[in-house]
Amino acid sequence: MLTLKKRVLIIGGGPGGRFSYIALRRMGEKSLSIVMNEDSTVICSLPYSVGRKLIPGGPEEEVVDLANSDRLPPEIVEDAIRGVITELDAENHIARGMSTEGPFEIYFEKVLLAPGAVPWIPPVKGLLSDKEGYKQDLTEVMVGREYVSKEKLAENIFVMRGADDARALDAFAEKSGRAVVVGSGAIGLEVVEALHDRGLTVTLVEALPHLIAAMDQDMAEKVNDRLSEWGVSVYKNIQLTEVKPDRVILSDGREIETDGVVFATGVRPNVTLAQSAGLSVERGIVVNEKMQSSHPDIYVVGDAAQIRDAVTGRPILPLIGTLAMRQGLVASFNIMGQTMSLPPATVWGLSAIFDLHWGSVGWTEELANASDIQAFSLTLPYYTREKAMPNGKEGLWKIIVSATDEKGLKKGQIIGFQVVIDGESPLFLTERFIDIITRRETVFELFSHYFVHSPYHNTVEDPYLMLLFAAQEAMTH
């Protein structure tokens, strides 16, 4: 059995784990091992690699070649272990696992745990194969409350989380004509467009009353309309109850013929290793502002890390790759003895479907109401050019505002932002509202945000002043 002694052990090869490795190496740490259970890749780009329109080379273009990467230190070739940690003995500082080469154990001083999240699939009939003697995979999905090897999924069932998932879906798209996608988050919608680009007839099924849980219904309906314009059938407020080789059955008895089903129904933090190690776990693994778990020598970053929402102070699981990288830097600094804390954060998302771009930050109005937070919303038409210019695009902003000084919020505090723009990216606009919302600014503080006007890029109306006027009016009634 392979036995190693390392000062720092990184568990997980996703964005948080990989960036932590980069940071620790750049800060001079030489005694490192990183254990990863699948090919490193850019997860958010995988649907585009299946669609082939934006990434013509397919899924292999997004796989990180450890030996020739311009992003990773060359030492990672020697430091990386392809496998899984099956036991984390925090008291004795020993990790045991199984690699493609056999069992191993690593003695460590510090652990940086980046286990990520696993795809979650509702427990519907026909989901799992009954074949015997399947090859045990290093990757898993969660079916209901049970962790299951991906190898147990039936032949026509797909998820989208890693390189092998993209490879499988890419091969499916090459030979198939129909697909059902379950779930309408960013990944689900991107898979819809990818398969549509490959010439498949695509049906979208969503259990919630409207698409995109990160947006309110009035904003999400614009996405629904765009899907209809492109010939995608949409079923909302309905569940998929059974999968058969050539069709699916919905909760109202209707059947949809299909060659395969892609589940994009969300993910769950992978907390099994943390639980077995005795770490504090709630919705995710509990950490402080230094990304330190309940054990002083174990740091946690990425999708499994439960942090505090900057807006409300409540625990959240942001599930954001770029945030995992920030968390990795914070953990790495503290492991190296240099104090650093994670800046306030919340949830955010940005994507596009058939050239309709959408973004969201923080809380929706619907979620605020469901959480007994008194809030109101303001919407503002948005134009990407002077109105006289025919090449300008139309969009819509929406901000969610706290109506009272309750539940840790300030009256007038901006707690959420949503945007939909046809044909142009709202990236920088969304980034600006991340800062506004995580800094707990009120609508009155919008006055401190200056607006740059260029006729080619936007209209002359200052949107921050327009929002400020609208908020003042709403708060006086």
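This is a predicted model: local features need pLDDT of at least 70, side-chain atom pairs count only at pLDDT 80 or more; totals for chains, interfaces and linings use all residues.

User: Is Asn 237 buried or exposed?

Analyst: Residues over 50% relative accessible area count as exposed. Asn 237 has a relative accessible area of 55%, so the class is exposed.

User: What is the phi of Asn 237?

Analyst: Most residues other than glycine have a negative phi. Asn 237 is a residue other than glycine, yet its phi is positive. The value is near 55°.

User: Which phi does Arg 52 have, and where does Arg 52 lie?

Analyst: Arg 52 is not a glycine, although its phi is positive, at about 70°. Its relative accessibility is 31%, so Arg 52 counts as partly exposed. Arg 52 lies in the loop between helix H2 (46-51) and helix H3 (76-79).

User: How do helix H1 and helix H8 pack, by angle?

Analyst: H1 covers residues 15-26 and H8 covers residues 321-335. Their axes are 8 Å apart, at an angle of about 40°. Angles under 35 degrees would count as roughly parallel, and 65 to 115 as roughly perpendicular. H1 and H8 are therefore oblique to each other.

User: What kinds of residue make the contact of H1 with H8?

Analyst: H1 passes H8 in a right-handed crossing. On the H1 side, the contact includes Phe 19 and Leu 24; on the H8 side, it includes Met 325 and Ile 335. By class, the contact has eight nonpolar, five polar and no charged residues.

User: Which residues have the most contacts inside the largest nonpolar core?

Analyst: The largest nonpolar core has 49 residues. Strand E5 (residues 102-113) gives the largest share, six residues. Those with the most contacts inside the core are Leu 88, Leu 113 and Met 291.

User: What does Leu 113 touch?

Analyst: Residues up to four places away in sequence are not counted here. Beyond them, the partners of Leu 113 include Ile 11, Leu 273, Tyr 299 and Val 301.

User: How far apart in space are Gly 231 and His 196?

Analyst: Gly 231 sits in the loop between helix H6 (217-229) and strand E12 (233-235). At 51% relative accessibility, Gly 231 counts as exposed. Along the sequence, Gly 231 and His 196 are 35 residues apart. In space, C-alpha to C-alpha, the distance is 9.1 Å.

User: Which residues does Glu 445 touch?

Analyst: Glu 445 is in the loop between helix H10 (427-438) and helix H11 (463-475). With a relative accessible area of 33%, Glu 445 is partly exposed. Leaving out residues up to four places away in sequence, Glu 445 touches Lys 410 and Arg 440.

User: What separates the C-alpha atoms of Leu 350 and Ala 186?

Analyst: Leu 350 is in strand E22 (residues 348-353). Its relative accessible area is 36%, so Leu 350 is partly exposed. Leu 350 and Ala 186 are 164 residues apart along the chain. Their C-alpha atoms are separated by 7.7 Å.

Key:
Residues are numbered from 1 along each chain as its sequence is written. Side-chain values use heavy atoms; hydrogens and water are left out. Axes are lines fitted to C-alpha atoms, for helices over the stretch in contact, and angles run from 0 to 180 degrees between N-to-C directions. Helices (H or I, at least four residues) and strands (E, at least two) are DSSP runs, numbered from the N terminus. Angles under 35 degrees count as roughly parallel, over 145 as roughly antiparallel, 65 to 115 as roughly perpendicular and the rest as oblique. A crossing is left-handed if the near helix is turned anticlockwise from the far one by less than a right angle, and right-handed if clockwise. Contact means heavy atoms within 4.5 Å. Ala, Val, Leu, Ile, Met, Phe, Trp, Tyr, Cys and Pro count as nonpolar, Asp, Glu, Lys and Arg as charged, and the others, Gly among them, as polar. A nonpolar core is a set of buried Ala, Val, Leu, Ile, Met, Phe, Trp, Tyr and Cys residues joined through side-chain atoms within 4.5 Å. Buried means under 20% relative accessible area, exposed over 50%, partly exposed in between (1.4 Å probe, protein chains only).
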